[in-house]
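Hi everyone, thanks for coming. I'd like to walk you through some helix packing today, so let's bring the structure up.

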Amino acid sequence: MNKLKPADLVMPYFVISGKARREPIFTMPGICRLSIDNLVREVSGLKEKGIDKILLFGLPERKDPYASEAYAESGIVSQAVRAIKAKVRRLTVITDVCLCAYTEHGHCRILKSGVRSSAVPAGRQEFGVDKKGTLEALARIALSHARAGADIVAPSAVMDGQVGAIRKILDKNGFKKVKILAYSAKFASAFYGPFREALDSEPQFGDRRGYQLDPFDVKKALARVGREIREGADMVMVKPALAYLDVIYQVKQKYKFPLAAYNVSGEFAMMRDKKLILESLNAMRRAGADIIITYHAKEIAKAL
Ligand code: PBG
């Protein structure tokens, strides 16, 4: 195993509209939502720290049932990618491809009309999912990000068929070189709490346990990884990381495929000490992660 270096880390960012905005996120000390001007300035300084990869999440101005701002040409993430690509060289830009921040109900899916109900019991996804509409929306988002200049798109909706649908639309439109980082083993987790505040994406009814993976069902997680590799993923992911080191290990052993671990918001928020952070990130590496997505990236890079 190679010890962790800054180039193995990916720094996530939350992008908002407007100018000169920098909004602290209460649940994630040190992390801010940034408007595009501030984001460009911020990422320009990453290279000198040895970090050359970022992951972008966007907060739309308006949410609707179709997540339309997610794939609009003027969507916040696409605007951010264009601005970064115009100013910053040799930075790999990864974009999160999902619907939850863009739908009014906060789910990672397009729902069939008429079945929205606050009476849905927690954990039961009894409302109708528009499967075809969801896959189409995810593919359109990925294409819009590719058109803006994204190097890698990262579908995180845990929707069956999402990687295949995205690969197909990218290839058809001349984006064979754009890669796919698939959130293949994404577990239903309490560690996402701070992120949902950051992105204002807490589901308005029900929860995501209907589609995110059961933490005890590693077999299913491994199967999903295999399926998304066959559908054309260039790299797969295990998320969260710290409480799922065994899964990282198993995925790496079984598939010997490029692997990312997502050190998520809840893990970030509970760890303030540099030595603890380094030991934990190195554990993810030792378990088998090739790259680690972490909000600590910028701060911890100099300690590596
Ligand atoms: C959903 C998404 C989530 C994260 C990234 N993309 C989680 C969720 O709310 O289901 C979590 C990241 C984090 O907690 O840092 N598309």
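This is a predicted model: local features need pLDDT of at least 70, side-chain atom pairs count only at pLDDT 80 or more; totals for chains, interfaces and linings use all residues.

**Helices and their neighbours**

The crossing is right-handed. On the H1 side, the contact is made by Ile 36, Leu 39, Val 40 and Val 43, while H3 brings in Ile 76, Gln 79, Ala 80, Ala 83, Ile 84 and Lys 87. Sorted by class, that gives eight nonpolar residues, one polar and one charged.

Now over to our second pair. Helix H4, residues 131-148, and helix H5, residues 162-172, have axes that come within 9 Å and cross at roughly 45 degrees. That angle makes H4 oblique to H5. Here too we have a right-handed crossing. Among the residues in contact are Leu 135, Leu 138 and Arg 140 of H4, and Gln 162, Ile 166 and Ile 169 of H5. The contact splits into ten nonpolar, one polar and one charged.

Last stop, helix H8, residues 245-255. Which of its residues are buried? They are Val 247, Ile 248, Val 251 and Lys 252. These residues span an arc of only 130 degrees around the axis, so they sit on the same side of H8. Their packing partners are helix H7, strand E8, strand E9 and helix H10. And just past the end of H8, look for Lys 256, with a positive phi of about 45 degrees.

Key: Residues are numbered from 1 along each chain as its sequence is written. Side-chain values use heavy atoms; hydrogens and water are left out. Axes are lines fitted to C-alpha atoms, for helices over the stretch in contact, and angles run from 0 to 180 degrees between N-to-C directions. Helices (H or I, at least four residues) and strands (E, at least two) are DSSP runs, numbered from the N terminus. Angles under 35 degrees count as roughly parallel, over 145 as roughly antiparallel, 65 to 115 as roughly perpendicular and the rest as oblique. A crossing is left-handed if the near helix is turned anticlockwise from the far one by less than a right angle, and right-handed if clockwise. Contact means heavy atoms within 4.5 Å. Ala, Val, Leu, Ile, Met, Phe, Trp, Tyr, Cys and Pro count as nonpolar, Asp, Glu, Lys and Arg as charged, and the others, Gly among them, as polar. Buried means under 20% relative accessible area, exposed over 50%, partly exposed in between (1.4 Å probe, protein chains only). The arc is that of the directions from the helix axis to the C-beta atoms.
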